[in-house]
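Dear colleague,

I am handing over the structure below, with notes on what was found in it. Please read the notes with the model open.

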Amino acid sequence: MQEKKSTLAALSSAAMMLSGLAQPALANPPDQKTQIAYRFTNYSEGEMDAKDVAEGSLERYQIQVHQLSVKTPVSEDTEISLSVVNETMSGASPWYVVPNAEGEAVQVMSGATIDEARNELGMDFRSYNTSSETTLSLSVSAENDYESLAFGYSGQWRTLQQRGTLSWGISGSRDFINATDANIYAGRPVEEIKNRLRGYLGYSIVMTRNRLFGMNIGVTSLDGYLSDAYKLAWVDNEIVRDNRPDVQNQVGGSLMLRQFFPEAQAALHTDIKLYQNDWEVTSESLDLAWYQNLGSKWQLVPSLRYYHQSAATFYEPFYENRRADGFYSSDYRLSEFSAVSARFKVIRQWNTVSVNLQYENYSASGDHPALLSYSAISLGVGTSF
């Protein structure tokens with residue numbers, strides 16, 4: 001399900017938050033150590049407000065995620081990483097929006113009967129030399145209604161006596177969509193395909209002993225079945241299937257600044273991201289994180305993220321009139337909204353063992369009745385030898 005994948009992608013991004021002070025942009029050579037890491041995340045979406053729901057359950061998704069990764073050297077200049085992800089989820093999903101007696105948008109939810117699982121296997125092979133490195137990535141993901149095959153090839157080229165790094169990469173995926181209960185609900189898609197191709201270019205430079213700056217730009221092209229297999233739309237007193245254009249082109253850029261403060265033994269991480277696609281969705285985000293060392297064993301990381309996006313050109317919560325192009329979607333993820341996410345992470349190091357605990361609270365605001373709020377807590381442990 002596309003909503004589920006979007007949510008879990010956000011979770012995975014949170015789990016990969018940098019754990020060190022002023023992480024270098026320049027890649028390090030393989031350390032000839034084997035590293036093993038495990039993380040458990042419990043994700044809980046906030047219950048819907050009863051006044052915003054016309055029909056269905058008030059409950060939303062509860063998701064548990066197990067992530068295990070192993071990295072080990074293959075030779076002096078190469079290493080391989082393997083990762084396994086298992087996710088289980090249950091709850092209800094926003095289905096479509098209808099106007100109430102006052103003409104206000106209210107949400108129709110599914111029943112709280114969704115109970116699914118997803119498994120993913122990934123592999124990275126990294127080759128390093130003194131001036132450059134490359135990484136080949138492959139992954140496969142499977143659930144009962146969605147399968148995905150993905151690849152990536154990326155590299156870095158070091159310049160300016162190792163002070164600068166030029167980064168590049170391409171990646172792609174093919175997804176296979178077979179909606180559940182297609183024999184019960186007319187029009188649910190079966191044997192649909194979605195393709196994604198992405199490329200990016202970036203550059204980072206160590207400006208001073210305590211300051212690092214970087215920039216990145218990327219383009220993505222999507223084609224195939226880009227609608228949501230399970231969502232509907234209210235159109236002039238008729239319920240129709242979610243229907244979006246079958247092509248989307250995206251462009252995004254980011255700026256990054258890392259500033260270390262020796263007197264405080266702390267670092268400020270600042271990230272600004274801009275995004276636009278040809279469905280006329282634009283977005284901006286600002287991330288601020290403070291990495292505070294407490295001696296050599298403890299680290300505290302409070303962080304805050306602000307996000308805003310505009311609505312897709314064909315989005316409406318419900319449609320009083322039919323569109324000439326036939327595109328309809330009342331998905332809250334295509335509406336205009338703002339969101340704030342606050343996180344707090346604690347890291348403790350014991351020689352070769354590291355343990356970290358993170359809590360995140362996310363809340364979105366806008367006009368759509370199903371805009372999301374959630375909390376997530378995760379515990380990770382890792383070791384190297």
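Which residues are linked in a network of salt bridges? They are Asp31, Lys71, Glu79, Arg126, Glu133 and Arg158. A salt bridge here is a side-chain nitrogen of Lys or Arg within 4 Å of a carboxyl oxygen of Asp or Glu.

Before the rest, a note on the source. This is a predicted model, in which local features need pLDDT of at least 70 and side-chain atom pairs count only at pLDDT 80 or more, while totals for chains, interfaces and linings use all residues. Residues are numbered from 1 along each chain as its sequence is written, and side-chain values use heavy atoms, with hydrogens and water left out.

Salt bridges

Side chains of opposite charge can pair when their charged atoms come close. Under the cut-off above, the count is 19 salt bridges. Three of them are described here, with helices (H or I, at least four residues) and strands (E, at least two) taken as DSSP runs numbered from the N terminus. Buried means under 20% relative accessible area, exposed over 50%, and partly exposed in between (1.4 Å probe, protein chains only).

Aspartate 228 pairs with arginine 333, and their closest N and O atoms are 3.0 Å apart. Aspartate 228 is buried, at 4% relative accessibility.

Aspartate 331 forms a salt bridge with arginine 244, with 2.9 Å between the closest N and O atoms. Aspartate 331 also sits in the loop between E18 and E19, while arginine 244 is in the loop between strand E14 (238–241) and strand E15 (247–261), so parts that are 87 residues apart in sequence are tied together. Aspartate 331 is buried at 1% relative accessible area, and arginine 244 is buried at 9%.

Aspartate 287 and arginine 343 meet in a salt bridge at 3.6 Å, N to O. The former lies in strand E17 (residues 282–294) and the latter in strand E19, so the pair ties together parts that are 56 residues apart in sequence. Aspartate 287 has a relative accessibility of 13% and is buried; arginine 343 is buried at 14%.

Aromatic rings

Rings of Phe, Tyr and Trp (its six-membered ring) pair if their centres lie within 6.5 Å; planes under 30 degrees apart count as stacked, over 60 as edge-to-face and the rest as tilted. The count comes to eleven aromatic pairs. Among them is the stacked pair of tyrosine 362 and tyrosine 374, at 4.8 Å centre to centre with 15° between the planes. Tyrosine 362 belongs to strand E20 (residues 353–366) and tyrosine 374 to strand E21 (residues 373–384), twelve residues apart. Tyrosine 362 is buried at 15% relative accessible area, and tyrosine 374 is buried at 10%. Ring pairs also link Tyr43 with Tyr362 and Tyr374 in a cluster.

Arginine 60 lies over the face of tyrosine 332, 5.4 Å from the ring centre; the rule for a charge over a ring is NZ of Lys or CZ of Arg within 6 Å of the ring centre and within 35 degrees of the ring normal.

Regards
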